Amino acid sequence: MTRYAAFLRGVNVGGVNLKMAAVADALTAAGFTNVKTVLASGNVLLDSKASVTTVRTKAEAALRETFGYDAWVLAYDLAAVAAISAAYPFEREVDGHHSYVTFVTDAAVLDELAELAAEATPDELIERGKGVIYWQVPRTGTLNTTIGKTMGKKRYKSSTTTRNLRTIDKVLKA
């Protein structure tokens, strides 16, 4: 049995509003065990014997069927999430800034997003990691940054989701 973190894209941040208890119930009904949600932003811990790919597709299918929306889920075993957090290349806590990790499952999309580092503004830090993009931006302008402007594009919906580093650390401690 493997403990996974499943990150639901776009939940409770702009249009798709789900109660986390209902999400936990839907994923439990889909056959996952020890399901626990963390915060209200679509972070779920669950156990499964299945591969990470199967966990992702099974969770997406359960959410689509239960809630009737175009669900996208990125799943990782907890050891991978811990390694991603530990590898954060910038100072973790900078006053007036957000520290983010964008999880990416498509290699071509990861390449595209990594290229954005060359276009970053002076107060925006972007670095490629293993399967992720690390970034740090001023709190007042997240959506107006190079990455912020790019992530809303439809092309990235199925293969990316972003979490604040603090959220990732809460998932790891839950």
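Visitor: Is Thr-160 buried or exposed?
Guide: This is a predicted model. Thr-160 has 0% relative accessibility. Buried means under 20%. At 0%, Thr-160 therefore counts as buried.

Visitor: Which residue has its backbone oxygen 2.7 Å from a polar side-chain atom of Thr-160?
Guide: Thr-160 lies in strand E8. Leaving aside neighbours within four places in sequence, its contacts include Leu-74, Phe-103 and Met-151. The backbone oxygen 2.7 Å from a polar atom of its side chain belongs to Tyr-156.

Visitor: What is the bridge partner of Gly-129 in E7?
Guide: E6 and E7 run antiparallel. Five bridges join them. In E7, the partner of Gly-129 is Val-132.

Visitor: What is the bridge partner of Lys-36 in E3?
Guide: Four bridges join E2 to E3 (residues 43-48). The two strands run antiparallel. The partner of Lys-36 in E3 is Leu-45.

Visitor: Why do the buried residues of H3 line one face of the helix?
Guide: In H3 (residues 78-86), Val-81, Ile-84 and Ser-85 are buried. Seen down the axis of H3, the buried residues line one face because they fall within an arc of 95 degrees.

Visitor: Which residues are exposed on the other side of H3?
Guide: The buried residues of H3 pack against several elements, including strand E1 (2-8), strand E4 (73-77) and helix H6. On the other side, the exposed residues are Ala-79 and Ala-86.

Visitor: Which residue's side-chain oxygen reaches the backbone nitrogen of Ala-79?
Guide: The contact sits at the start of H3. The side-chain oxygen comes within 3.0 Å of that nitrogen. It belongs to Asp-77.

Visitor: How many residues apart in sequence are the parts tied together by Arg-166 and Glu-93?
Guide: Arg-166 forms a salt bridge with Glu-93, the closest N and O atoms being 2.6 Å apart. Arg-166 lies in H6 and Glu-93 in the loop between H3 and E5, so the pair ties together parts of the chain. Those parts are 73 residues apart.

Visitor: Which residue meets Asp-111 in a salt bridge?
Guide: Asp-111 is partly exposed, at 37% relative accessibility. The side chains meet at 2.8 Å, N to O. The partner of Asp-111 is Arg-128.

Visitor: How many salt bridges does the count come to?
Guide: One of them joins Asp-70 and Arg-64, at 3.6 Å, N to O. The count comes to seven.

Definitions and conventions:
Residues numbered from 1 in each chain as written. Predicted model: local features only at pLDDT ≥ 70, side-chain atom pairs only at ≥ 80, totals over all residues. Heavy atoms only, no water. Buried < 20%, exposed > 50% of the residue type's maximum accessible area, 1.4 Å probe, protein only. Arc of directions from axis to C-beta. Contact = heavy atoms within 4.5 Å. Polar contact = N/O pair within 3.5 Å; in protein donor to acceptor, adjacent residues only side chain to side chain. Pairing = 2+ DSSP bridges. Salt bridge = Lys/Arg side-chain N within 4 Å of Asp/Glu carboxyl O.
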